[in-house]
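Subject: Handover of a structure, with findings

Dear colleague,

Please find below the structure that I am handing over to you. My notes on what was found in it come after the display.

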Amino acid sequence: MSANPRPPVIDPANRTRLAWTRTAVAFAALGGAMLKLSPVAGLVVLVLSLPIWAVTSRRHGLGAAAASPRRLRLVTATVVVVAFAALLVAIFGHSPDSLGQLLRGR
Amino acid sequence: MTRAGDGHESPHDRRSDDPGPADTGPADTGPADTGPADTGPLGDRRPDASARDAEPAETEPDPRFTLANERTFLAWSRTALALVAAGLGIVQLLPPFPGVPAGRHVVGVPLIVLGAVMAVAAYVDMMRNQRALRRNQPLPRSVLPRLLAATIGGVATVAAVVVLLSATS
């Protein structure tokens with residue numbers, strides 16, 4: 001009987017790089033979806049996903065272990081801007097019963 | 001670098017990767033929580049003012065802990081994005097509720113706002129965790145799981161009320 005083989009190990013830095021990739025893809029997917037609802041807001045979100053992608057592609061091994069707080073703040077600020085854009089689309093977007101129309105009394 | 005990438009994750013690492021409540025922390029959190037600073041030279045509990053006021057020494061933690069903290073932050077950021085997408089989808093893609101003119105907005109807008117709040121809270125949480133790791137202290141409790149659960153519960157209740165009102169009208 002052989003000893004229990006150790007499971008394959010994924011480098012923590014690789015896992016983190018994959019997490020950054022998933023985040024960048026999530027931004028791009030949301031931007032693509034918003035593009036259909038509001039081209040301007042969708043384009044803004046798509047452009048905002050580019051810096052996230054740039055952070056992803058710059059990470060190499062444990063030497064680049066921790067992302068700087070500036071980059072993490074960038075992610076936070078981008079999510080807040082995306083949420084603000086989504087709020088604008090939700091309230092004033094093209095919809096027969098949008099909140100903007102309702103507030104204006106149609 | 002200590003055991004970086006060898007696959008042996010400590011409880012600290014696992015906990016940092018899990019966005020759940022931080023009440024099951026590791027026991028080996030160093031001298032910061034019951035340190036000698038509160039104990040006088042004869043072993044009594046007289047606080048030493050200078051030791052109490054001093055900031056704990058900070059050292060760079062194991063890179064695996066920092067990376068796990070970063071992944072947790074990214075996971076919360078994706079959750080925030082998902083909330084924004086869900087709120088936008090509810091407002092823009094669902095058909096209107098008959099009899100409840102602003103029904104979709106009542107359900108969707110809070111989700112979008114929660115997404116923005118959650119992104120900021122995730123950053124604050126991550127910085128607090130990183131500071132605790134540097135000081136070899138227990139990780140602070142996170143407010144994010146409770147915030148998420150409470151808001152989703154509230155939105156689900158409101159959605160149920162809107163659907164019932166719409167059905168009865």
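The notes below take the chains, their contact, the helix pairs and the cores in turn.

Please bear in mind throughout that this is a predicted model.

The two chains

Chain A has four helices and zero strands, and its pattern along the sequence is α-α-α-α. Of its 106 residues, 34% are buried. If one takes the contacts in chain A between residues at least 6 apart in sequence, 53% of them join residues at least 24 apart.

Chain B has five helices and zero strands, which run α-α-α-α-α from the N terminus on. Its 169 residues include 32% that are buried. Among the contacts in chain B with a separation of 6 or more, 75% are between residues 24 or more positions apart.

The contact between the chains

Chain A contributes 38 residues to the contact and chain B contributes 36 residues. On the side of chain B that touches chain A, the elements that give two or more residues are helix 3 (63-93) and helix 4 (103-134) of chain B. Helix 3 of chain B gives the most to this side, namely 18 residues. By class, the side of chain B that touches chain A consists of 22 nonpolar, nine polar and five charged residues.

Of its 31 residues, 25 are buried, so helix 3 of chain B is largely enclosed by the rest of the structure. Its length also agrees with expectation: at 1.5 Å a residue, helix 3 of chain B should span 45 Å, and its end C-alpha atoms are 43 Å apart.

Helix pairs

Helix 3 of chain A packs with helix 3 of chain B at an angle of about 5°, and their axes are 10 Å apart. Since angles under 35 degrees count as roughly parallel, helix 3 of chain A and helix 3 of chain B are roughly parallel to each other. Helix 3 of chain A brings residues including A:Val75, A:Val79, A:Val82 and A:Ala86 to this meeting, while helix 3 of chain B brings residues including B:Phe73, B:Leu81, B:Val84 and B:Leu88. The residues of this contact divide into 14 nonpolar, three polar and no charged.

The second pair also joins the chains. Helix 3 of chain A and helix 4 of chain B pack at an angle of about 170°, with 9 Å between their axes. Helix 3 of chain A and helix 4 of chain B are therefore roughly antiparallel to each other. Among the residues that meet here are A:Arg73, A:Thr76, A:Phe84 and A:Leu87 in helix 3 of chain A, and B:His105, B:Ile112, B:Tyr123 and B:Met126 in helix 4 of chain B. The contact of helix 3 of chain A with helix 4 of chain B has 15 nonpolar, four polar and one charged residues.

Helix 4 of chain B and helix 5 of chain B pack at about 175°, with their axes 10 Å apart. This pair is therefore roughly antiparallel as well. The residues that make the contact include B:Val106, B:Pro110, B:Leu114 and B:Asp125 of helix 4 of chain B, together with B:Leu147, B:Thr151, B:Val155 and B:Val162 of helix 5 of chain B. By class, this contact has 15 nonpolar, three polar and one charged residues.

Nonpolar cores

The largest nonpolar core has 45 residues, and those with the most contacts inside it are A:Val82, A:Ala86 and B:Val84. The elements that give two or more residues to this core are helix 1 (12-37), helix 2 (39-58) and helix 3 (69-92) of chain A, with helix 3, helix 4 and helix 5 (144-168) of chain B. Leaving aside residues up to four places away in sequence, B:Val84 touches A:Leu30, A:Val82, A:Ala83, A:Ala86, B:Ile112 and B:Gly115. Another core, of seven residues, lies apart from the largest one, and A:Ala13, B:Leu67, B:Leu133 and B:Leu139 are among its members.

One further residue

A:Thr21 lies in helix 1 of chain A. A:Thr21 counts as partly exposed because it has 16 C-beta neighbours inside 10 Å. From C-alpha to C-alpha, A:Thr21 and A:Ala83 are 20 Å apart in space, and they are 62 residues apart in sequence.

With kind regards

Key
Residues numbered from 1 in each chain as written. Chains lettered and ligands numbered in written order. Predicted model: local features only at pLDDT ≥ 70, side-chain atom pairs only at ≥ 80, totals over all residues. Contact = placed C-beta atoms within 7 Å. Nonpolar A, V, L, I, M, F, W, Y, C, P; charged D, E, K, R; others polar. Core = buried A, V, L, I, M, F, W, Y, C linked by C-beta atoms within 7 Å. Buried ≥ 20, exposed ≤ 12 C-beta atoms within 10 Å, placed from the backbone. Axes fitted to C-alpha atoms, helices over the stretch in contact; angles between N-to-C directions. Parallel < 35°, antiparallel > 145°, perpendicular 65-115°, else oblique. Expected span 1.5 Å × (residues − 1).
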